[in-house]
Amino acid sequence: MSQPDVIVIGTGVIGAATAFEIAKTGKSVLSLDRNRRIGHGSTAGSCAIIRMHYSTYDGTAFAWEGYHYWRDWAEHLGLPASEELARFVECGCLVMKTEMNGFLERHMEFSSLLDCPFEEWSPSDIEERLPIYSLDSFAPPKRSDQDGFGMTNGDRLAGAVFWPHAGYVTDPALSAQNLAAAAARHGAGTRLGVEVTGILREGGRVKGVRLADGEEVHAPVVINVAGPGSAAVNEMAGITDEMTIATRPLKQEVVHVPAPAGFDFESDGTIVSDGDIACYCRPERGNHILVGSEDPECDPHVWVDSDTEYDRNFTDQWTTQAMRYAQRVPALGIPSTAKGVVDLYDASTDWIPIYDSTSLGGYYMACGSSGNQYKNAPIAGKMMAALVDYCEAGNDHDSDPLTFRLPYIERDIDVGFYSRKREINKESSFSVLG
């Protein structure tokens, strides 16, 4: 493909979804990635949780819409029956009611407005589904070396809300590969093992990209979906001064522990978001449990300067997360050797992503999406395709933002919600919860 209509930087799940949706409009698309396999950036390290509860109405609507594509994954892709597909496991998501999340009143309000099913669970409901759980309260969350760690505050959890249609994808990298394969059926191309080192500009518009070996690839539209590398690409484009919302690479650790003996967490467990101990978890193959941090104040944010040169070793954060989860699951066995994932998020200032155009004509971004946007990749790709069409037709998205129709749930959203120029959204959880 000598000169595509669109260059997409990044073949993670959102980049691949964007390439797929734009290719379906008839434009020629070329995806570029410095990794040598599709989906092997931060997507591969994702817990790939598909959930519906968000702290904002727009976030809830986007996630509820996104669920339907994972539910109908084969139909969405249109790939041959011989293609191996990523699998969506619909196990539900249980969210503990806490004072910090307002006992989920707003979350339930948003779900009700969107006709997204949920159930309120009593403590006895929780214990029936998860008999390995203790419902003692330990808030506020602490690190394992802090005074009072492991001691209850004398209260018990008041209950929870269960979203039955939530779940997880067993192989997130494969999901990106599925999307890339679907895009290829519409003529899209991919080049792996190539690094973008410059954004070419001419007359106030993007002209294409420069690669590490000096090669120039020209295109009138370039979309930055570079994950933790997005900030560096935006610097190349010279548009960071116009952004009130920034993105930065953030190191994260995910714990991998075996479920307690006698309980099949893989088959009978569920995703759990537990603000009382600031951990989330989901089932994993082999009757294991993945445990992540919900970014409480006691857990330091480890921002890194480079998205390629950073410490990939586990730290005492792994121990803190494992032991915090053991407060909830007293029978949990903690391995002597740390196992799990060390990877990067592409986190924005308010943990809400940027899906936007820029003052550089033809240059777009889908950034700041790591940690809570994997689930939204299919609909984010559709929205980015619509945004490119809208702006390339001469519309000014900054002054007159695109209104985008969510096809499944038949709701309109203001894409300006995801603007690079927005005020910091005070309704955000300012965490992986979005």
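The buried residues of helix H7 (residues 230-237) are Ser230, Val233, Asn234 and Ala237, where buried means under 20% relative accessible area with a 1.4 Å probe and protein chains only. Because these residues cover an arc of only 100° around the axis, they sit on the same side of H7; the arc is taken from the directions from the helix axis to the C-beta atoms. They pack against strands E1 (6-9), E10 (196-202), E13 (221-224), E14 (247-258), E19 (340-348) and E21 (363-367), a contact being heavy atoms within 4.5 Å. Helices (H or I, at least four residues) and strands (E, at least two) are DSSP runs numbered from the N terminus. Gly238, with a positive phi near 70°, follows H7.

This is a predicted model, in which local features need pLDDT of at least 70 and side-chain atom pairs pLDDT 80 or more, while totals for chains, interfaces and linings use all residues. Residues are numbered from 1 along each chain, and side-chain values use heavy atoms, without hydrogens and water.

Three cavities of 30 Å³ or more are counted. A cavity is a set of points on a 1 Å grid where a 1.4 Å probe fits but cannot get out, and lining residues have an atom within 4 Å of a point.

| Cavity | Volume | Lining by class |
|---|---|---|
| Largest cavity | about 80 Å³ | six nonpolar, six polar, no charged residues |
| Second largest cavity | about 50 Å³ | six nonpolar, three polar, no charged residues |

The lining of the largest cavity includes Tyr54, Trp351, Phe417 and Tyr418. Among the residues lining the second largest cavity are Thr11, Ser31 and Thr190.

Conventions. 1 Å grid on protein atoms, 1.4 Å probe; cavity = no way out; pocket = protein on both sides within 12 Å on 5 of 7 lines; lining within 4 Å. Points joined across faces, edges and corners; volume = space filled by probe spheres on them. Nonpolar A, V, L, I, M, F, W, Y, C, P; charged D, E, K, R; others polar. Buried < 20%, exposed > 50% of the residue type's maximum accessible area, 1.4 Å probe, protein only.
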